[in-house]
2 protein chains.
Amino acid sequence: MRIAELSRTSGVPVPSIKYYLRAGLLPPGERTARNQADYRQSHVDRLRLVRALVEVGGLSIAAVGEVLQSLDRRGDLTRSQALGTALEATLPTDTAPDGPLTDAARRTVARLSEERGWTIGLDTPVAQNLIARLASLFQFFGEDAERLADKYADIVDELAEFEVRWSVEPEDTDTAVERAVVGTFIGGAAFEAMRRLGHADYARKHLGQ
Amino acid sequence: MRIAELSRTSGVPVPSIKYYLRAGLLPPGERTARNQADYRQSHVDRLRLVRALVEVGGLSIAAVGEVLQSLDRRGDLTRSQALGTALEATLPTDTAPDGPLTDAARRTVARLSEERGWTIGLDTPVAQNLIARLASLFQFFGEDAERLADKYADIVDELAEFEVRWSVEPEDTDTAVERAVVGTFIGGAAFEAMRRLGHADYARKHLGQ
């Protein structure tokens, strides 16, 4: 198909398609004339993924590039390595600044890990990210936030198990990796939207709004 | 205190403070000389809130302005109105585009509301936001996403009850509103970070990563 049809089929405007092509997020079409190229269904699928990561996942163009690289590299990897690489590429990398709040957050993550048998080291990016976020929570709410963190941990244990099992259901590794990466962002956004509705509903019923 | 001390105490750089002052996110200090003003503890608290909403909540300057207005208006409101107004100001306002995916997402939200006794109308901003996010999920995963939505609803019912009850614990309305608004964003970010750690932990244990 030509670029105009690719735009109609995917719902992505032509200028955005050209931008993604220049940024290397979309492989070039097959050149058919001087100013013309032919695109396939695989371009439609890839565009759908790019748009979701940018618009729903809120990823930068550089971060989308990393996710796509990890998706495209997965031929050399085992299934679980492919999943791990793709999910790691999408992790926020901010480290918590040194200080008493970060120390407190680190102790909380260590305690939760001990109590729940979490196996992720405290110096990994995913744990550092959690420590940074908990440090912000402690900054506002002090030790009142400990109870929130405990509740979150109860819930996360259940949610993460369900989501990972759901991601790896498909036998095809491509599909499993797409489920894991896209589910992390699109699923996370849907969960967050439902949480907001849950707040509104509970407040309305029990606070008389 | 002078602006330099306000910066040291709050950890916010002087140029950012000046920007927030110009944008009206921080009330002016008391003028003490031609180029000098005096700031108080209330400025430190407000800066902490602004920075959290911008950096952790990811809100635009305009959205932060709306949240602060609703906080500052709360004197005229009942406690539950104040909470509701503050939380509504922070809602994303994108509506789902018309189409079969949105229709399917709307049916799912109607079904969940019916099954769970949710009382929030489908045309409210909070429900529209959920419908838009679910439509994205359906776009990728079709009816496989229904099971995710059901699991999310189980978990949200428990999480939202806990969070709202935790928010309204303090007798002081100021503190309750701060808990609700800040907890929505900072708590949400901490939950999301813990979810990512939960994925990594479960994948490592059960997929042999």
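Predicted model: local features only at pLDDT ≥ 70, side-chain atom pairs only at ≥ 80, totals over all residues.
1. How are the two copies related? Chain A is superposed on chain B by a rotation of 180° with 0.0 Å of shift along its axis, and the RMSD is 0.1 Å. The two chains are therefore related as by a two-fold rotation axis. Within chain A, the C-alpha nearest this axis belongs to A:Ile155, at 3.5 Å from it. Both copies use the same surface, since 99% of the contact residues of chain A recur in chain B.

2. Within chain A, helix α7 (residues 125–141) packs with α8(A): their axes come within 8 Å and cross at roughly 140°. From α7(A), the residues A:Leu134, A:Leu137, A:Phe138 and A:Phe141 take part, and they meet A:Asp144, A:Ala145, A:Glu146, A:Leu148 and A:Ala149 of α8(A). By class, this contact holds seven nonpolar and two charged residues, with no polar ones.

3. For chain B, the pair to look at is α7 (residues 125–141) and α8(B), which pack at an angle of about 145° with their axes 8 Å apart. Here B:Leu134, B:Leu137, B:Phe138 and B:Phe141 come from α7(B), while α8(B) provides B:Asp144, B:Ala145, B:Glu146, B:Leu148 and B:Ala149.

4. Rolling a probe the size of a water molecule over the atoms shows where empty space is left. The count comes to one cavity of 30 Å³ or more, and the largest cavity has a volume of about 160 Å³. Its lining is made up of 18 residues, and those nearest the centre of the cavity are B:Leu87, B:Glu163, B:Val164, B:Ser167 and B:Ala180.

5. Which helices line the largest cavity with at least two residues each? They are α8 (144–167) and α9 (173–206) of chain A, together with α5 (79–89), α8 (144–167) and α9 (173–206) of chain B. Sorted by class, the lining of the largest cavity has 10 nonpolar, five polar and three charged residues.

Key: Residues numbered from 1 in each chain as written. Chains lettered and ligands numbered in written order. Heavy atoms only, no water. 1 Å grid on protein atoms, 1.4 Å probe; cavity = no way out; pocket = protein on both sides within 12 Å on 5 of 7 lines; lining within 4 Å. Points joined across faces, edges and corners; volume = space filled by probe spheres on them. Helix = DSSP H or I, 4+ residues; strand = E, 2+ residues; numbered from the N terminus. Nonpolar A, V, L, I, M, F, W, Y, C, P; charged D, E, K, R; others polar. Least-squares fit on C-alpha atoms with pLDDT ≥ 70 in both. Contact = heavy atoms within 4.5 Å. Axes fitted to C-alpha atoms, helices over the stretch in contact; angles between N-to-C directions.
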